[in-house]
Amino acid sequence: DMEVAIKVVVVGNGAVGKSSMIQRFCKGIFTKDYKKTIGVDFLERQIIVNGEEVRLMLWDTAGQEEFDAITKAYYRGAQACVLVFSTTDRESYQAIDNWREKVEAEVGNIPTVLVQNKIDLLEETVIKNEEAEALAKRLKLRFYRASVKEDLNVNEVFKYLAEKYLQR
Ligand code: GDP
Ligand code: MG
């Protein structure tokens with residue numbers, strides 16, 4: 001039978017942990033100074049969802065998001081999206097609406113999930129739980145609190161997206 005392959009874009013402000021998340025999910029590792037491997041557009045991992053093999057291709061950026069310079073090629077053909085903000089960065093939380101609109105403008109309404117990363121940095125929290133939940137509710141998105149560092153909820157995020165994609 002046909003193999004299912006999904007292009008997933010991981011978007012959000014710089015330094016929220018997007019590259020780390022992709023690396024954690026696909027390679028099972030966390031490094032403090034992750035540098036994008038030159039020439040690699042995406043990493044992939046296969047998972048089983050409802051007895052079906054699903055190949056997730058997670059597209060990374062080389063930091064262009066910092067200059068608002070992500071090209072159309074990055075979004076082209078995206079079938080699912082992870083919106084990421086950081087527990088320690090209020091601006092990244094405020095930017096989520098903007099990221100959502102960008103993705104929607106490029107590829108329409110695709111399965112999407114909202115992730116608050118770095119929940120291990122409890123003492124540095126600048127986002128109240130109610131605020132994060134209100135954002136998810138307003139955008140009508142499933143919401144996960146995650147720590148890529150501690151490997152909390154990372155697999156769950158991608159499993160949910162794959163399920164959501166298969167249900168279309
Ligand atoms: P990107 O710019 O969104 O791709 O972010 P990076 O993946 O490059 O991560 C930015 C910094 O945050 C790096 O120093 C990571 O090691 C760190 N980081 C990523 N995820 C976590 C996390 O869950 N907890 C903590 N404490 N640091 C993290
Ligand atoms: Mg990055």
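Colleague: Which residue of strand 3 stands opposite Gln-46?
Modeller: Arg-55 does, in this predicted model.

Colleague: How do you know that strand 2 and strand 3 pair?
Modeller: Pairing takes at least two bridges found by DSSP. Strand 2 and strand 3 have eight, in the antiparallel sense, so they count as a pair. In their hairpin two residues sit between the strands, and Asn-50 there has a positive phi near 50 degrees.

Colleague: What makes strand 4 and strand 5 a pair?
Modeller: Six bridges join residues 80-86 to residues 112-117, so this pair passes too, in the parallel sense. Here Cys-81 faces Thr-112 of strand 5.

Colleague: In what order do the strands form the sheet?
Modeller: The order is 2-3-1-4-5-6, six strands in an open sheet with mixed pairing. (A strand is a DSSP run of E, at least two residues; a helix is H or I, at least four; both are numbered from the N terminus.)

Colleague: Why do strand 2 and strand 6 stand at the edges?
Modeller: Strand 2 (42-49) and strand 6 (142-145) each have a single partner strand, so one side of each lacks a neighbour in the sheet. On average, neighbouring strands are turned by 25 degrees against each other, direction ignored.

Colleague: Which strands does helix 1 touch?
Modeller: Helix 1 (residues 18-27) touches strands 1, 2, 3, 4 and 5, contact meaning heavy atoms within 4.5 Å. Its direction makes about 50 degrees with that of strand 2. Helix 4 (residues 96-107) lies across strands 1, 4 and 5, at about 165 degrees to strand 4. Such angles run from 0 to 180 degrees between N-to-C directions, with axes fitted to C-alpha atoms, for helices over the stretch in contact.

Colleague: Which residues come nearest to ligand 1?
Modeller: Ala-15, Lys-18, Ser-19, Ser-20 and Asp-120, out of 19 around ligand 1 (a heavy atom within 4 Å counts as near). Helix 1 gives the most to this shell, three residues.

Colleague: What makes the Ser-20 approach a polar contact?
Modeller: The limit is 3.5 Å between N or O atoms; a polar side-chain atom of Ser-20 is 2.6 Å from a ligand 1 oxygen, so it qualifies. The side chain of Lys-118, at 3.0 Å from a ligand oxygen, qualifies as well.

Colleague: How do you know that the model is to be trusted?
Modeller: The chain's mean pLDDT is 93, with 95% of residues at 70 or more, on a confidence scale from 0 to 100. Local features need pLDDT of at least 70 and side-chain atom pairs 80 or more, while totals for chains, interfaces and linings use all residues. Residues are numbered from 1 along each chain as written, chains are lettered from A and ligands numbered from 1 in written order, and side-chain values use heavy atoms, without hydrogens and water.

How values were computed
pLDDT = per-residue confidence, 0-100. Polar contact = N/O pair within 3.5 Å; in protein donor to acceptor, adjacent residues only side chain to side chain.
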